Amino acid sequence: MTWFNKLPRLVQIIMLLIPGVNWVTELVVRWSSFAKRGGLFRFFVCLFVTVFGLVAGWIDVIWVLFTKHLLFQ
């Protein structure tokens, strides 16, 4: 999770713009966050991203542009 936040913003956005990479990045960041911190809300976000990863990734592209971290991270 912190590895994604340490990347330059341009690299974060490029990773989220490419559809396949987008989904894998979402999965890795979300599930590692859940493994590290736990929590019911994070679990539901992980499930949502697993099923609707491409949609969540496009939303996160916009979110990263403004805040430099993923939505609900």
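Let's start with helix 4, which covers residues 40-51. It has 12 residues and spans 17 Å from its first C-alpha to its last, close to the 16 Å expected at 1.5 Å a residue. Keep in mind that this is a predicted model.

- V45, C46 and V49 are the ones to find here, as they are buried in helix 4.
- Look down the axis of helix 4 and its buried residues fall within an arc of 105°, so they line one face of the helix.
- Over on the other side of helix 4, L40 and V51 are exposed.
- What do the buried residues of helix 4 pack against? Their partners are helix 3 (19-37) and helix 5.

- Helix 5 runs through residues 53-67. With 15 residues, helix 5 reaches 20 Å from first C-alpha to last, close to the 21 Å expected at 1.5 Å a residue.
- Its buried residues are G53, A56, G57, D60, V61 and V64.
- Those buried residues pack against helix 1 (2-6), helix 2, helix 3 and helix 4.

**Helix 2 against helix 5**

- Helix 2 (residues 9-17) packs on helix 5 at an angle of about 170°, and the two axes are 9 Å apart. That makes helix 2 roughly antiparallel to helix 5.
- On the helix 2 side, the contact uses R9, Q12, I13, L16 and L17. Across from them in helix 5 are G57, W58, D60, V61, V64, L65 and T67.
- Sorted by class, the residues of this contact between helix 2 and helix 5 come out as 7 nonpolar, 3 polar and 2 charged.
- Q12, I13, M15 and L16 are the buried residues of helix 2. Seen down the axis of helix 2, they fall within an arc of 160°, so they line one face of the helix.
- The cover over the buried residues of helix 2 includes helix 1, helix 3 and helix 5.

**V61: a close-up of that contact**

- V61 belongs to helix 5, and it is buried, with a relative accessible area of 7%.
- Which residues does V61 contact, leaving aside its neighbours within four places in sequence? They are I13, L16 and L17.
- V61 and I13 are 48 residues apart along the chain, yet their C-alpha atoms are separated by 5.9 Å.

**Helix 3 against helix 5**

- The axes of helix 3 and helix 5 come within 9 Å and cross at roughly 90°. Helix 3 and helix 5 are therefore roughly perpendicular to each other.
- From helix 3, P19, N22, W23, E26 and R30 take part in the contact. They meet G53, L54, A56, G57, W58 and D60 of helix 5.

- E26, in helix 3, is buried, with a relative accessible area of 0%.
- Not counting residues up to four places away in sequence, E26 touches L16, V49, G53, A56, G57, D60 and L70.
- G53 sits in helix 5 and is buried too, with a relative accessible area of 2%.
- Setting aside its neighbours within four places in sequence, G53 is in contact with N22, W23, E26 and F48.

- Most residues other than glycine have a negative phi.
- What is the phi of K68, a residue other than glycine? The phi of K68 is near 65°, a positive value.
- K68 follows helix 5, in the segment after that helix.

Conventions
Residues are numbered from 1 along each chain as its sequence is written. This is a predicted model: local features need pLDDT of at least 70, side-chain atom pairs count only at pLDDT 80 or more; totals for chains, interfaces and linings use all residues. Side-chain values use heavy atoms; hydrogens and water are left out. Axes are lines fitted to C-alpha atoms, for helices over the stretch in contact, and angles run from 0 to 180 degrees between N-to-C directions. Helices (H or I, at least four residues) and strands (E, at least two) are DSSP runs, numbered from the N terminus. Angles under 35 degrees count as roughly parallel, over 145 as roughly antiparallel, 65 to 115 as roughly perpendicular and the rest as oblique. Contact means heavy atoms within 4.5 Å. Ala, Val, Leu, Ile, Met, Phe, Trp, Tyr, Cys and Pro count as nonpolar, Asp, Glu, Lys and Arg as charged, and the others, Gly among them, as polar. The expected span of a helix is 1.5 Å times one less than its number of residues. Buried means under 20% relative accessible area, exposed over 50%, partly exposed in between (1.4 Å probe, protein chains only). The arc is that of the directions from the helix axis to the C-beta atoms.
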